Amino acid sequence: MVHKVLVSAALVLATAAGAAPPAAAQQTLTVQIGAFLPKGEDGRVAGDVLVINRQYLLFDFGDFNGVLVNGDWSMALGEFIEAGAGFGFYQATVPAIYDEWVNEDGFEIEQDLKLRIMPLTAVVKILPLGNKRAFQPYVGGGLGVYFWRYSETGEFLATDETIFSDSFAESGTSVGPVAVFGVRGLVSPSAFIGAEGRYQWGTANLSEDFLSDKLDLGGFSILATFGFRF
């Protein structure tokens with residue numbers, strides 16, 4: 001499965017970039033930092049493990065909002081189109097307790113739910129005003145390959161209502177579409193700042209160690225961008 005995903009990612013990156021750019025083609029390096037906001041409880045894929053967990057555990061979906069750091073390289077395919085690739089990192093750990101049960105000593109039965117996503121994206125952007133203006137809005141889309149890891153660590157309630165400590169973890173790779181929109185402004189002939197929004201779709205497959213075999217990887221990103229073009 002991982003081999004097929006990596007092959008797909010390579011094909012997407014090659015398609016987005018096309019042939020090697022001529023020496024005069026404008027290229028851009030961008031650093032982005034902001035927040036990734038995973039989908040809320042109502043918008044997640046059917047059978048999502050976090051939604052199932054909420055039947056037994058108390059935790060806040062908003063606590064999965066976390067810092068996303070991303071780096072992008074892109075090249076101009078003419079004045080109004082850019083194609084590029086990027087890689088990012090997001091991770092969040094959310095505390096949870098059982099809703100209706102406590103330990104014999106009266107203390108809560110506690111767990112940590114941890115999610116990590118490292119997106120590799122290939123995106124084509126359309127710049128309606130072109131890449132020579134001081135003010136440059138853009139929209140685009142592409143494909144993301146999501147390297148993910150999900151774990152549940154702490155205390156668990158068995159079917160016979162005994163309590164045990166353990167850790168369950170699963171990792172893998174998933175593929176899904178990504179949409180982008182943003183604006184950037186030149187602060188010098190070669191440097192710019194801006195803001196970008198991204199929305200990603202993806203679903204991870206979990207093992208039977210968890211209460212469900214699905215984990216929604218989708219969500220919205222809000223990013224500040226700092227770039228240099230050459």
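Strand β6 contributes the largest share of the lining of the largest pocket, namely three residues, in what is a predicted model. That pocket has a volume of about 330 Å³, and its lining comprises 16 residues. The protein averages a pLDDT of 91, with 90% of the residues scoring at least 70.

**Largest pocket**

- Of the residues that line the largest pocket, Tyr-98, Gln-111, Phe-156, Leu-157 and Leu-211 lie nearest its centre.
- At least two lining residues come from each of β4, β5, β6 and β7.

**Nonpolar core**

- The largest nonpolar core holds 32 residues, and the members that touch the most others within it are Leu-50, Phe-59, Tyr-150 and Leu-215.
- At least two residues of this core are supplied by each of α2 (49-53), β4 (81-102), β5 (108-126), β6 (135-157) and β7 (163-186).
- When its neighbours within four places in sequence are left aside, Tyr-150 is in contact with Val-49, Leu-50 and Asn-53, with Leu-113, Lys-114 and Leu-115, with Phe-168, Ala-169 and Glu-170, and also with Leu-206, Phe-210 and Leu-215.
- Two of these partners of Tyr-150, Leu-50 and Leu-215, are themselves listed among the core members that touch the most others.

**Strand pairing around β3**

- Strand β3 (residues 66-76) pairs with β1 in the antiparallel sense over 10 bridges, and within this pairing Gln-32 stands opposite Asn-70 in β3.
- Strand β3 also pairs with β4, again in the antiparallel sense, over nine bridges, and here Trp-73 stands opposite Ala-85 in β4.
- The hairpin of β3 and β4 has four residues between the strands, and in this hairpin Gly-78 takes a positive phi near 95°.

**Thr-28 in strand β1**

- Thr-28 belongs to strand β1, which spans residues 27-38.
- Because its relative accessibility is 2%, Thr-28 counts as buried, the cut-off for that class being under 20%.
- Setting aside residues up to four places away in sequence, Thr-28 touches Asp-72, Trp-73 and Ser-74, together with Phe-192, Phe-228, Arg-229 and Phe-230.
- Trp-73, one of the residues that Thr-28 touches, is also the residue that stands opposite Ala-85 in β4.

**Confidence by element**

- Among the elements of the protein, the lowest mean pLDDT, 50, belongs to helix α1 (residues 2-17), whereas the highest, 98, belongs to strand β10 (residues 214-216).

Notes. Residues numbered from 1 in each chain as written. Predicted model: local features only at pLDDT ≥ 70, side-chain atom pairs only at ≥ 80, totals over all residues. Heavy atoms only, no water. Core = buried A, V, L, I, M, F, W, Y, C linked by side-chain atoms within 4.5 Å. Buried < 20%, exposed > 50% of the residue type's maximum accessible area, 1.4 Å probe, protein only. Contact = heavy atoms within 4.5 Å. pLDDT = per-residue confidence, 0-100. Pairing = 2+ DSSP bridges. 1 Å grid on protein atoms, 1.4 Å probe; cavity = no way out; pocket = protein on both sides within 12 Å on 5 of 7 lines; lining within 4 Å. Points joined across faces, edges and corners; volume = space filled by probe spheres on them.
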